[in-house]
Amino acid sequence: MGRRSTGLIVGILGCMTAACSPQTGAGVAQEAEAETGAHPVSGLEIIPVVVATKQGSHTFRTELADTPELQAKGLMFRTELGPDEAMLFPNEEPTARSFWMKNTPIPLDIIFVGLDGRIANIAAMAEPYSEDPVYSIGSTSAVLEIAGGRAEELGIEAGDRVTW
């Protein structure tokens, strides 16, 4: 598929983006709690997002893009995204989604979260600056963006559960 601008997601009727990163261990809840606040670059609220895989759970420090304006900007123009960082684009209404990478200089894994909270599909290593859309399979409750290649590194795949 095409590339993805730092955090820009084109919904079927608009644009949006998201990114994320994981953690493991028994102290995940305390660590996630300690890592809330505002992101130093975007100023967005940071929330913990947990992806439960066959290998274990991974917690990402996740920027919350919860308005149409924030979703339209997403990760555009960002030159880095840490391995445990992400951006979440929750939907107000369940809908199919599409994203692109216009103005996004870093590759991203775009994770489409289905209505049941499980990963429907992943657009892995979306190509920077591409204007080619990548699509969800069916309706989504949210989209999560993480650093490109991170989903494969962590064993994240379709069917894994995502919670926030």
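**Close-up 1. Asp84 and its salt-bridge partner Arg150.** Asp84 is partly exposed, with a relative accessible area of 29% (buried is under 20%, exposed over 50%, partly exposed in between; 1.4 Å probe, protein chains only). Salt bridges that share partners join Asp84, Arg150 and Glu153 into one network (a salt bridge is a side-chain nitrogen of Lys or Arg within 4 Å of a carboxyl oxygen of Asp or Glu). Between Arg150 and Asp84, the closest N and O atoms are 3.2 Å apart. This pair links distant parts of the chain, 66 residues apart: Arg150 is in helix H3, Asp84 in the loop between H2 and S4 (helices, H or I, at least four residues, and strands, E, at least two, are DSSP runs numbered from the N terminus). Arg150 counts as buried, at 14% relative accessibility.

The model is predicted: local features need pLDDT of at least 70, side-chain atom pairs count only at pLDDT 80 or more, and totals for chains, interfaces and linings use all residues. Residues are numbered from 1 along each chain as its sequence is written, and side-chain values use heavy atoms, with hydrogens and water left out.

**Close-up 2. The salt bridge of Glu63 with Arg78.** The closest N and O atoms lie 2.8 Å apart. Glu63 sits in strand S3 and Arg78 in the loop between helix H2 (68-73) and strand S4 (85-95), so the pair ties together parts 15 residues apart in sequence. Both Glu63 and Arg78 are buried.

**Close-up 3. The salt bridge of Glu157 with Lys54.** Here the closest N and O atoms are 3.0 Å apart. The pair links distant parts of the chain, 103 residues apart. Glu157 is in the loop between helix H3 (150-154) and strand S10 (161-163). Lys54 is in the loop between strands S2 (45-53) and S3 (56-64). Glu157 counts as partly exposed at 36% relative accessibility, Lys54 as exposed at 72%.
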